[in-house]
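Here is a short briefing for a first look. Read the lead sentences, then go through the points by topic.

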Amino acid sequence: VQGGSTITQQYVKNVLLTGAVTFERKAEEIGLALQLEETLTKTEIFERYANTIFLGESAYGIGAAAKRYFGKSVSELTLGESALIAGMIAAPTDLNPYDHLDAARQRSEVVLDTMIELGWIDVSAAIRAAGEPVTLAPRGAADRMRFPYFTDEVRRSLLENPALGDTPEDRWRLVTGGGLRIFTTLRPDVQAAAEPAIASVVSPDGPSA
């Protein structure tokens with residue numbers, strides 16, 4: 001029932017296939033994984049995998065998890081914060097730092113120990129990272145979008161787009177977990193300038209605004 005999967009197989013299943021527990025799906029998964037490994041390096045495959053996996057709190061991918069748990073981009077994470085998120089991959093619910101901070105920290109120490117063994121960091125860096133205080137973003141803060149109406153309209157448009165899947169479920173799976181990069185017409189700097197400009201002339205709640 002459980003079976004075994006390589007990272008490549010898990011990535012293929014998350015992005016291209018369903019989670020159906022059947023021999024047919026498993027065979028298709030293996031075939032696609034073998035093809036993928038002929039065209040991408042292990043590092044490239046893992047990057048794509050890490051950008052699509054579920055990491056709790058409705059966050060899919062490392063970038064979303066960084067925003068969700070720490071309110072930062074990946075490039076701004078400290079070593080300790082990075083290790084905590086990396087440790088969650090194995091069990092995102094049981095290692096959710098909002099609910100199980102001690103377990104999450106213990107797991108992050110395993111990540112740091114492994115990094116020492118691989119020669120990626122030295123012992124002193126690991127000790128400093130393990131001693132960092134964990135300062136989580138307020139729960140749900142990542143859901144407070146800067147441009148909610150625009151974002152909701154983009155999401156609605158994507159979920160109705162047949163190019164992203166034959167069914168609403170297929171489209172939802174791709175939009176939330178497919179590692180898509182969505183480019184829109186919104187320019188935050190222009191929008192930020194437009195709002196006070198409009199408010200200085202008409203009521204921002206009025207239909208003209």
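Two residues are in contact when heavy atoms lie within 4.5 Å. Among the contacts in the chain with a separation of 6 or more, 48% are between residues 24 or more positions apart. The model is predicted: local features need pLDDT of at least 70, side-chain atom pairs count only at pLDDT 80 or more, and totals for chains, interfaces and linings use all residues. Residues are numbered from 1 along each chain as its sequence is written, and side-chain values use heavy atoms, with hydrogens and water left out.

**Overall build**

- The chain has 10 helices and 0 strands; helices (H or I, at least four residues) and strands (E, at least two) are DSSP runs, numbered from the N terminus.
- From the N terminus on, the order of elements is α-α-α-α-α-α-α-α-α-α.
- The C-alpha trace spans about 65 × 50 × 30 Å along its principal axes.
- Of the 209 residues in the chain, 27% are buried. Buried means under 20% relative accessible area, exposed means over 50%, and partly exposed lies in between (1.4 Å probe, protein chains only).

**Helices α1 and α3**

- Helix α1 covers residues 7-16 and helix α3 covers residues 42-50. Their axes come within 9 Å and cross at roughly 40°.
- Axes are lines fitted to C-alpha atoms, for helices over the stretch in contact, and angles run from 0 to 180 degrees between N-to-C directions.
- The two helices are therefore oblique to each other. Angles under 35 degrees count as roughly parallel, over 145 as roughly antiparallel, 65 to 115 as roughly perpendicular and the rest as oblique.
- The crossing of α1 and α3 is left-handed, that is, the near helix is turned anticlockwise from the far one by less than a right angle.
- From α1, the contact is made by Ile 7, Thr 8, Gln 10, Tyr 11 and Asn 14. From α3, Lys 42, Ile 45, Phe 46, Arg 48 and Tyr 49 take part.

**Polar contacts**

- A polar contact is a pair of N or O atoms within 3.5 Å; within protein, one must be able to donate a hydrogen and the other to accept it, and residues adjacent in sequence count only if both atoms are side-chain atoms.
- Gln 9 belongs to helix α1. Gln 9 is buried, at 10% relative accessible area.
- The side chains of Gln 9 and Glu 29 make a polar contact at 2.7 Å.
- Ser 200 sits in the segment after α10 (188-199). Ser 200 is exposed, at 60% relative accessibility.
- The Ser 200 side chain reaches the backbone oxygen of Ala 197 at 2.6 Å.

**Aromatic pairs**

- The whole structure holds 3 aromatic pairs. Rings of Phe, Tyr and Trp (its six-membered ring) pair if their centres lie within 6.5 Å; planes under 30 degrees apart count as stacked, over 60 as edge-to-face and the rest as tilted.
- One of them joins Phe 54 and Tyr 60, a tilted pair at 5.2 Å centre to centre with 50° between the planes.
- Phe 54 is partly exposed at 35%, and Tyr 60 is partly exposed at 34%.
- Tyr 69 and Tyr 98 form a tilted pair, 5.5 Å centre to centre, with 35° between the planes.
- Tyr 69 is in helix α4 (residues 62-70) and Tyr 98 is in the loop between α5 (79-88) and α6 (101-117), so the pair ties together parts 29 residues apart in sequence.
- Tyr 69 is buried, with 0% relative accessible area.

**Around Leu 55**

- Leu 55 lies in the loop between α3 and α4. Leu 55 is buried, at 0% relative accessible area.
- Leaving aside neighbours within four places in sequence, Leu 55 has contacts including Gly 61, Ala 65, Tyr 69 and Pro 92.
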